Structures are given as C-alpha cells and as structure tokens.
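Here are my notes on the charged pairs, jotted down while going through the model. Have a look at the structure first, then read on.

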Amino acid sequence: MNVLFIASFAVIAPDPPQSRRLYVDVLGLPLAAGEGSEYWHSEKISGSKHFGVWPLRETAEACFGTEEWPKDRTVPQASVEFEVEDADAVTAAGQELEQAGFELVHPARKEPWGQTVARLLSSEGLIVGISYAPALHAG
C-alpha cells in the first residue's frame, strides 16, 4: 500500500448543531454544508486538504446503509482517510487490509461524488478510509 497523504479528517457528530456551534460559531472555521446534507466541511483550512463535521446518522448511512449506527459496533469519534494513487489501489489496499486480519466496514466502492473508498473501524474507534478522490489529484 502506498499512502500519498492524509486526504480528510472529520469529527463524527452525534449532535450536529452542537458541533457546528463549536467549530463554526466559536472557532470560526469556514465550514459550509453540502446540498441536502448536514455534513459541514471545508477545503480552505490551512494545513488540511479536507476537514469536516460528519453527523453520526450520515456516517451510519455511508458505512452501513442505515440511519442508526449498529449497536454491536463501537460508535466512532472521528474519520481519517488516507489517499492512494488511483481507484484500483483502493481495491488492492482493501484486500491487503483483509489479508492482514482487518474487517472492512465495506469494500472499495465509488461514491456519487466520484471518490472511491474502502473503510474499516479501528480498535481506537476511528473510521479509517483508504481513498482515491480524483479532485485531489487534479493539477
């Protein structure tokens, strides 16, 4: 696996309005909501390619296709995504993780916004993604 850089970091928010109050109202981060989503994010914070506040409900939908986080899984506190060179490398990385004994939350798949990602839930309670987002490689 050849990790190129950290593509994204997001806090997982069980209470999105309270999290926005901290990160937007008090810290003054330039976060904006995606269309039809409570996911607030920015690519305009120095030192970070992408920072987000990811509602737990939307996290559950992305990982398990349901609005509630499964009760038999550790509730995540944050998400970190590591970028690789292309979509095929995401698939290979997912297989490498499984061969090393890690259970994927889901294998490599292409999201509607063009990112290919495979995810696992780490023993620390983090969602760890291996991803390829074409927009991060342009120019």
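Is Glu 61 buried, partly exposed or exposed? Glu 61 counts as partly exposed, at 33% relative accessibility (buried means under 20% relative accessible area, exposed over 50%, partly exposed in between, with a 1.4 Å probe and protein chains only).

1. Ground rules. This is a predicted model, where local features need pLDDT of at least 70 and side-chain atom pairs count only at pLDDT 80 or more, while totals for chains, interfaces and linings use all residues. Residues are numbered from 1 along each chain as its sequence is written, and side-chain values use heavy atoms, with hydrogens and water left out.

2. The count. Searching the whole structure turns up seven salt bridges (a side-chain nitrogen of Lys or Arg within 4 Å of a carboxyl oxygen of Asp or Glu).

3. The helix pair. Glu 61 bridges to Arg 57, with the closest N and O atoms 3.1 Å apart. They sit four residues apart in helix H2 (residues 56-64), so about one helical turn separates them (helices, H or I, are DSSP runs of at least four residues and strands, E, of at least two, numbered from the N terminus). Arg 57 is also partly exposed, at 32%. A network of salt bridges links Glu 38, Arg 57, Glu 58 and Glu 61.

4. The loop pair. Glu 103 and Arg 73 form a salt bridge at 3.2 Å, N to O. Glu 103 is in the loop between helix H3 (87-99) and strand E6 (104-110), and Arg 73 in the loop between H2 and strand E5 (78-83), so the pair ties together parts 30 residues apart in sequence. Glu 103 is exposed at 55%; Arg 73 is partly exposed at 24%.

5. The strand pair. Glu 81 pairs with Arg 119 in a salt bridge, closest N and O atoms 3.6 Å apart. Glu 81 belongs to strand E5 and Arg 119 to strand E7 (residues 116-121), 38 residues apart. Both residues, Glu 81 and Arg 119, are buried.
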